[in-house]
Each structure stands twice: as structure tokens, then as C-alpha cells.
Amino acid sequence: MKTVCLLPFAFAARASAFVPTPTNHLPKFAVTKANSLRSHHDTKSLTLFAETGANPLQSLLGGLFKPKEVEAVEPEKPKIPDFVADPSYDLAIGFAIYGLFFLIALQGSVFGVVFGVLNILFASFLVVQTSRLRFFFDETCFELKEVDVTNSLVGSGENVVVGGANRWTYDSFVNWDFFPSVDLPILVYFKETQTPEDLWNEGPGQLDKVGGGQVHFFPAISNCKQLEEQFKIRGCSKVED
């Protein structure tokens with residue numbers, strides 16, 4: 001009976017002789033190669049992260065909390081400073097010379113005396129107007145101003161033809177020009193729609209009914225090159241020839 005009971009243990013012992021004994025240790029060369037591969041993989045991963053900045057956690061959070069896009073704000077256009085055109089006595093001098101020419105060239109002639117004196121008187125009037133009137137440009141309007149006793153600019157009162165202030169917005173301009181030219185100006189002309197339409201035919205408005213608007217003329221008692229420049233940079237409309 002004892003012999004029978006010991007047989008299973010004998011067979012188990014013999015069978016275990018053919019099963020390889022498990023081990024927790026690899027050969028030395030295999031361990032070295034595995035460590036080398038692992039070190040190379042870690043180095044490659046760190047290099048890739050350094051080059052691309054690819055952080056999975058950061059990418060996930062970035063997808064959840066995207067920064068709000070900032071709308072581009074257009075910079076404000078620089079403000080054009082107020083400007084006062086310089087007075088010009090060229091027209092007054094021209095009429096004075098013209099008058100003297102008739103007085104000298106047509107001595108003893110009634111026509112020469114009358115025409116000469118009239119031109120000299122008109123030249124004197126232009127001198128007074130040139131010294132007391134200024135053409136002023138502010139942010140929105142073109143205005144005729146007067147120089148007071150303290151040499152300050154004040155309003156010039158109401159327009160003698162159609163009433164209202166001598167002040168017109170740039171966007172009301174429909175045309176402007178110089179006659180006969182900006183290089184040899186005698187008259188400055190502009191046309192605007194700010195004046196009420198029922199007054200457009202008053203005064204010089206009857207001379208130009210094309211396109212509508214009130215016509216204004218004034219003698220070239222100011223630097224017309226400066227006036228031309230200001231009309232352009234302030235965006236005053238002009239009918240091109």
C-alpha cells in the first residue's frame with residue numbers, strides 16, 4: 001500500500017526533470033542590448049518632443065480651451081491739423097500796376113484817367129480785404145474769417161448774397177477751381193449744396209446751373225496754391241475737365 005501511494009510522487013519527480021527550470025535572469029549580452037534599445041528609444045522620444053513641442057496633455061487642453069481670436073482694429077486716420085491760408089497781395093499789386101499803366105500810357109485821355117483811377121481804387125479795396133480776411137480750414141469745414149484788432153480770427157458774419165454763415169462742409173462741395181488758372185489766379189470758385197436749394201439761383205448761382213448747388217466767387221486774395229492743396233487733402237469734390 002505504501003508502495004502504491006509513492007508511485008505518483010516518483011513519476012512527478014521524474015517528469016520534472018524534463019521541464020526547464022524558470023529563471024528571472026537573461027544572458028548578459030541580451031540585457032545590455034535591451035537597455036541600449038530602451039535608452040535609444042527614450043532619447044529619440046525626447047528629441048522629437050524638443051523639436052516639435054508635441055505634448056499630448058498640452059494638445060488636449062489646447063483643444064478644450066482655445067484662446068479667443070483678437071479682432072484686428074484699424075488704426076485711426078491721422079487728423080489733418082487746422083490751417084489758415086496765407087494772404088496774397090499779388091492781385092492788388094497787379095490791378096495797381098494796371099491802373100498806373102493806363103494813367104501813364106493814355107495821358108490827357110478821359111478814358112485813360114477814368115480806367116486808371118478805377119483800377120487803382122479796386123487795388124486799394126483788395127489791399128483792405130486781403131489784410132482783414134482769412135480762409136480757414138478746420139476738421140470738417142472751409143470758412144471765411146476776419147482778423148480783429150487783436151490779430152485773432154473771428155467769424156465774418158452772414159453771407160451777403162444768400163445769408164447764413166460763411167462756413168461750408170467739405171462733403172457739400174461739388175466743384176472748385178481757379179480762374180484763369182491756379183498759377184495766375186484772379187478768381188477762386190467753388191460750388192456747394194449746403195445752401196438751401198431754393199436759394200441756388202441767387203446771385204452768381206444763375207451762372208452755373210449744371211449739377212445743382214450754390215456758386216461762390218471771391219477774389220484771389222489768398223495763396224491759391226495752398227487753397228488748392230487743402231481742397232484736395234480735405235476731399236472736396238471737383239469736376240475734372
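The questions and answers below go from the whole chain to its parts.

Biologist: How many helices and strands are there in the protein?

Modeller: Keep in mind that this is a predicted model. From the N terminus on, the elements run α-α-α-β-α-α-β-β-β-β-β-β-β-α. The totals for the protein are six helices and eight strands.

Biologist: What percentage of the residues count as buried?

Modeller: A residue is buried when its relative accessible area is under 20%. The protein has 241 residues, and the share that counts as buried is 25%.

Biologist: Is strand S2 largely enclosed or exposed?

Modeller: S2 covers residues 133–137. Leu133, Phe135 and Phe137 point one way from the strand, while Arg134 and Phe136 point the other way, and all are buried. Because five of the five residues are buried, the rest of the structure leaves S2 largely enclosed.

Biologist: Which residue is the bridge partner of Val84 in S2?

Modeller: Strand S1 (residues 83–84) pairs with S2 in the antiparallel sense, over two bridges. Within S2, the partner of Val84 is Phe136.

Biologist: Which strands are the edge strands of the open sheet?

Modeller: Three strands make up this open sheet, in the order S6-S7-S8, with antiparallel pairing.

Biologist: How many degrees does the twist average from one strand to the next?

Modeller: We are still in the open sheet with the order S6-S7-S8. From one strand to the next, its twist averages 15 degrees.

Biologist: Which residue in S8 is the bridge partner of Leu187?

Modeller: Strand S7 spans residues 185–192 and pairs with S8 in the antiparallel sense over six bridges. In S8, the partner of Leu187 is Pro219.

Biologist: Does Leu118 count as buried or exposed?

Modeller: You will find Leu118 in helix H5 (residues 110–132). Together with Val110, Val113, Val114, Val117 and Leu121, Leu118 makes a nonpolar surface patch of about 530 Å². The cut-off for exposed is over 50%. Leu118 has a relative accessibility of 51%, so it counts as exposed.

Definitions and conventions
Residues are numbered from 1 along each chain as its sequence is written. This is a predicted model: local features need pLDDT of at least 70, side-chain atom pairs count only at pLDDT 80 or more; totals for chains, interfaces and linings use all residues. Side-chain values use heavy atoms; hydrogens and water are left out. Two strands pair if DSSP finds at least two bridges between them. Helices (H or I, at least four residues) and strands (E, at least two) are DSSP runs, numbered from the N terminus. Axes are lines fitted to C-alpha atoms, for helices over the stretch in contact, and angles run from 0 to 180 degrees between N-to-C directions. Patches are made of residues with over 30% relative accessible area and no salt bridge: like charges are joined within 9 Å, nonpolar side chains (Val, Leu, Ile, Met, Phe, Trp, Tyr) within 5 Å. Accessible areas come from the Shrake-Rupley method with a 1.4 Å probe; for residues, only the protein chains shown count as cover. A salt bridge is a side-chain nitrogen of Lys or Arg within 4 Å of a carboxyl oxygen of Asp or Glu. Buried means under 20% relative accessible area, exposed over 50%, partly exposed in between (1.4 Å probe, protein chains only).
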